[in-house]
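Q: I'm new to this structure and would like to learn how to read it. Could you take me through a few features step by step?

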Amino acid sequence: DTDRALVLLEEYCKKLRKPEEQQLKKAIRKVMGIFKSSLFQALLGSFKKKATRHGSTSHTSLPAALACDVLGCPKD
């Protein structure tokens with residue numbers, strides 16, 4: 001879910017301390033802001049409703065899957 005993705009991204013940001021990593025850290029913070037936005041939450045809710053109607057839901061949410069792809073997390 002979105003909360004899990006935000007936690008993973010925040011943990012990753014804490015590891016970015018080198019000057020050359022600050023641009024990446026800034027970009028990740030922007031993504032985090034998007035995940036927290038009401039527009040994103042509304043779009044995500046709409047996506048979930050459509051996926052449920054079409055029988056294409058999965059236990060892994062889009063935000064968490066994206067964060068895991070970026071961070072290299074193991075799949076559930």
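Q: What does the accessible surface of the chain come to?
A: About 5600 Å², and carbon and sulfur atoms hold 59% of it. Such areas come from the Shrake-Rupley method with a 1.4 Å probe, and for residues only the protein chains shown count as cover. This is a predicted model, where local features need pLDDT of at least 70, side-chain atom pairs count only at pLDDT 80 or more, and totals for chains, interfaces and linings use all residues. Residues are numbered from 1 along each chain as its sequence is written, and side-chain values use heavy atoms, with hydrogens and water left out.

Q: What is the mean pLDDT of the chain?
A: pLDDT is the predictor's confidence in each residue, from 0 to 100. Here the mean is 80, with 64% of residues at 70 or more. Where pLDDT is low, the predicted coordinates should not be read in detail.

Q: How many helices and strands are there?
A: Helices (H or I, at least four residues) and strands (E, at least two) are DSSP runs, numbered from the N terminus. This chain has four helices and zero strands.

Q: Which residues of α2 are buried?
A: Buried means under 20% relative accessible area, exposed over 50%, and partly exposed in between (1.4 Å probe, protein chains only). In α2, Ile-28, Met-32 and Phe-35 are buried. They line one face of the helix, because seen down its axis they fall within an arc of 55°, taken from the directions from the helix axis to the C-beta atoms. On the other side, Gln-23, Lys-26 and Lys-30 are exposed.
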